[in-house]
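Hello,

Here is the structure I promised to pass on to you. Have a look at it first, and then read my notes below.

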Amino acid sequence: DSQAALAENQAECRDVLHRLLPHVPLPSEQNHQEWLQRFESLVAESLVAQSSKASHESEELTEKLREAEESQRILQKDCETYKKVLAETEGILQRLQSSVEEEESRWKVKLDQSQEDVRELRREKQHLESELEKAENESATYVTEVREVSRN
């Protein structure tokens with residue numbers, strides 16, 4: 001009876017160990033003492049393999065971190081360059097805008113002056129046309145008077 005209880009306890013012990021460490025392969029030994037020793041060596045091998053894998057993954061992550069830091073440094077440098085170029089471009093555009101506004105102002109003054117000159121010329125033309133009409137009327141009157149005088 002105690003032998004059956006011992007076997008049950010050993011089986012339960014194996015189940016608990018397997019549930020705690022499911023990634024460790026189960027030994028095929030039947031003797032509990034040999035099974036435990038083999039399981040212990042398999043756990044040690046698994047820990048060494050996991051440690052090696054973790055170390056390798058750590059190295060990969062460290063390399064990826066270095067690459068990410070280098071990319072960030074390059075992107076930061078590019079960003080600073082773009083900011084500088086943008087600031088220079090904005091300065092150029094502001095100067096260009098000022099220049100355009102100055103030219104626009106000069107042309108507006110010229111246009112206003114030209115329009116005033118045209119209005120003045122029209123007034124002068126109307127005045128001259130009026131004077132011409134008066135002169136023509138006076139000439140017609142004079143011609144009529146001369147004919148009258150000549151007939152007499």
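A residue is called buried when its relative accessible area is under 20%, exposed when it is over 50%, and partly exposed in between. Cys-79 has 33% relative accessibility, so it counts as partly exposed. Cys-13, at 29%, counts as partly exposed too. Please keep in mind that this is a predicted model.

While we are on cysteines: a disulfide is a covalent bond between the sulfur atoms of two cysteines. With a cut-off of 2.5 Å between the sulfur atoms, the count here comes to zero disulfides.

Now for the overall picture. The chain has two helices and zero strands. Its radius of gyration is 55 Å, well over the 15 Å that the globule rule gives for 152 residues, so the chain is more spread out than a compact globule. The C-alpha trace spans about 180 × 35 × 20 Å along its principal axes.

How much of the chain is buried? Buried residues make up 7% of the 152 residues. As for contacts between residues at least 6 apart in sequence, 3% of them join residues at least 24 apart. The accessible surface comes to about 13,500 Å², and carbon and sulfur atoms account for 54% of that.

On the charges, the chain carries 21 positive and 35 negative ones, and their mean positions are 8 Å apart.

Leaving out residues up to four places away in sequence, Ser-46 touches His-23 and Val-24.

Definitions and conventions:
Residues are numbered from 1 along each chain as its sequence is written. This is a predicted model: local features need pLDDT of at least 70, side-chain atom pairs count only at pLDDT 80 or more; totals for chains, interfaces and linings use all residues. Side-chain values use heavy atoms; hydrogens and water are left out. Helices (H or I, at least four residues) and strands (E, at least two) are DSSP runs, numbered from the N terminus. The radius of gyration is taken over C-alpha atoms; the globule rule is 2.2 Å times the number of residues to the power 0.38. Buried means under 20% relative accessible area, exposed over 50%, partly exposed in between (1.4 Å probe, protein chains only). Contact means heavy atoms within 4.5 Å. Accessible areas come from the Shrake-Rupley method with a 1.4 Å probe; for residues, only the protein chains shown count as cover. Lys and Arg count as positive and Asp and Glu as negative; His and the chain ends are not counted. The place of a charge is taken as NZ of Lys, CZ of Arg, CG of Asp or CD of Glu.
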